[in-house]
Amino acid sequence: MIALGLEGSANKLGVGLIRHIPSKPAEILSNIRHTFVSPPGEGFLPKDTAKHHRSWVVTLVKRSLKESGVKVKDIDCICYTKGPGMGAPLQSVAIAARTLSLLWGKPLVGVNHCVGHIEMGREITGANNPVVLYVSGGNTQVIAYAEQRYRIFGEALDIAVGNCLDRFARTLNISNDPAPGYNIEQMAKKGKNLVELPYAVKGMDCSFSGILAVVDMMAAQLLSGKPKPLLAPEGELVTREDLCFSLQETVFAMLVEITERAMAHVGSEQVLIVGGVGCNERLQEMMGLMARDRGGSVYATDERFCIDNGIMIAHAGLLAYETGFVTPLEESTCTQRFRTDEVLVKWRD
Amino acid sequence: MGTMEIDPPTPKLLIKQGAEAQVYSTTYLLPHIPALLKHRPSKPYRHPTLDARLTKHRCLSESRLLIRARSLGIPVPAVYFVDESRGEIFMEWITGSSVREVLDEVLAQEDGESVVDRMMVRVGAAVGALHAADIVHGDLTTSNIMVRNGEREEVVGFGEREVVLIDFGLGAVSTQDEDKAVDLYVLERAFSSTHPKAEKLFQDVLKSYEQNYNGAKVVLRRLQDVRMRGRKRSMIG
């Protein structure tokens, strides 16, 4: 069976084609993406992002069919992101999905974005029943599977960790190309002084807005030198790289801690990192050290699958479609609020 | 000068490995004084500076909560010794079983509820006193409430034994109804997941909680909200 997947919940428009053959690994026929990059110091606004998706979706779908050699008649269903995400971009992609569905006479499958990430991560890494850390610009969740649901054990209580990093990139006027988080990661590699930032873990939940406020204030002090130059505890002048380094070390330590707590809680040794922030090699390294201490291992994917993409929507959608799930046209809406644990995971035991 | 004779150190026996801390049974000062050692090992994934800061902070905060609670007569283990730079707290060893174990054992029997209804009163009183002192536990499950063994176990029934609140690793000082309501909600969930009969018992806990804490009314009202939405918010963007 072949599915076309359309993703556009944030600033990436992704189109993917996947084939499932029973008892074989999924075959990725095409996985292409076009990202809306905003100028340094700015985030992506919903209306501009939606416009980006609208103007690129036809090109991407055509290119995807062409490079994979898949014929329209071979496609079994059209999967699209139902939510969560930004309203306007979600809507423009849902409209594209409906149009294709009517044009080609194919059933629609609405997919939860978070479940898409989890299922794709499991498929690529082969992690069987891991605790999942889902970290991106919009979501921060620690998830474990139990009784047909992906249950959220812990999550960010305010802004997502990726949002915290992205917004700090804006404060420092760092480029958003290819991604603000990627550029912070490169700068953090050159940092060496750790400045003290708040550390906000509450059980398995955590909070990032206070940390952002403090590091933003430090950045303002660093850039202006007022009221006095910003110094590290050892007396050295703090650099922009040091702030990126300190921010990463602090927020990633929080993420690893809540993941470890969830692992201890459910008695699992595997951990899977998904979502855009999951590309960060320092986060993967820290998670690896924690997992090693527990006698387990960490599973992560690269930017093709970590960062939002169409193939994950195609994959999760096809898994649901194979159990008989379809989204009727009149119900093919999208929603900004769609929790991971609302989805009935019929395709797992 | 003669050499001082020192007893060989009591071996530490690991009894629990949590995500954050390891718990050992050992002795304190004298070989016949049993003690519990809670050790927060350093985490290799954390920056050493951050690691030292967190270990120290958490050790001190947990000890302070225990000392504050105990000074107010709330049943918690006594703190013997704290070495915050090593991440160690030595505290009183509580001989007994957790409320969870007692419930599992007792509720399996016919008419077991009546045996433990006095115990519920004590649990409610302890939690009420804790909240009256503006301390929230943060992980108030039935595993984190102990029932101390009586001097003469065969004579003293479960209902007559002292209950002790343990593990303040996630505790905090808070005046917020929300935090207190979440404590109660977590406890309620722990009860209802143990045994169907246990749900009725939780009502006894709440009744006693109300009698022991003047601010209980607002917290119980807040508990209704927490129950409605679950512990988590419904919004995710």
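1. Ground rules. This is a predicted model, so local features need pLDDT of at least 70 and side-chain atom pairs count only at pLDDT 80 or more, while totals for chains, interfaces and linings use all residues. Residues are numbered from 1 along each chain as its sequence is written, chains are lettered from A and ligands numbered from 1 in the order in which they are written, and side-chain values use heavy atoms, with hydrogens and water left out.

2. Overall build. Chain A has 10 helices and 12 strands; these are DSSP runs numbered from the N terminus, H or I of at least four residues for helices and E of at least two for strands. For 349 residues a compact globule would have a radius of gyration near 20 Å, and the 21 Å of chain A agrees with that. The radius is taken over C-alpha atoms, and the globule rule is 2.2 Å times the number of residues to the power 0.38. The C-alpha trace spans about 70 × 45 × 30 Å along its principal axes.

3. Packing. In chain A, 56% of the 349 residues count as buried (under 20% relative accessible area; exposed is over 50%, partly exposed in between, with a 1.4 Å probe and protein chains only). Take the contacts (heavy atoms within 4.5 Å) between residues at least 6 apart in sequence: 76% of them join residues at least 24 apart.

4. The annotated domain. An unreviewed UniProt entry puts "domain: Gcp-like" on residues 29-314 of chain A. UniProt positions are in the numbering used here, feature names are shortened, and annotations may be inferred rather than shown by experiment. That stretch is 49% helix and 18% strand, and its end C-alpha atoms are 11 Å apart.

5. The annotated binding site. The unreviewed entry's "binding site" takes in several residues, among them A:Ser136, A:Glu185 and A:Asn280. A:Ser136 sits in the loop between β6 (131-135) and β7 (140-146) of chain A, and counts as buried because its relative accessibility is 7%. Beyond four places in sequence, its contacts include A:Gly162, A:Asn163 and A:Gly276.

6. Helix α5. Which residues of α5 (180-188) in chain A are buried? They are A:Pro180, A:Asn183, A:Ile184, A:Glu185, A:Met187 and A:Ala188. Their cover includes α4 (161-171), α7 (240-266) and α8 (281-293) of chain A. A:Glu185, with 7% relative accessibility, is therefore buried. Not counting residues up to four places away in sequence, A:Glu185 touches A:Gln248, A:Cys279, A:Asn280, A:Glu281 and A:Arg282.

7. Most residues other than glycine have a negative phi, and most peptide bonds are trans. The bond from A:Asp177 to A:Pro178 is cis, with omega near 0°, and A:Pro178 lies in the loop between α4 and α5. Another cis bond runs from A:Lys226 to A:Pro227, with omega near -5°; A:Pro227 is in the loop between α6 (209-224) and α7 of chain A.

8. Positive phi. A:Ser23 has phi near 55° and lies in the loop between β2 (12-19) and β3 (27-35) of chain A; at 83% relative accessibility A:Ser23 counts as exposed. In chain B, B:Asp167 also has phi near 55°, and at 26% relative accessibility B:Asp167 counts as partly exposed.
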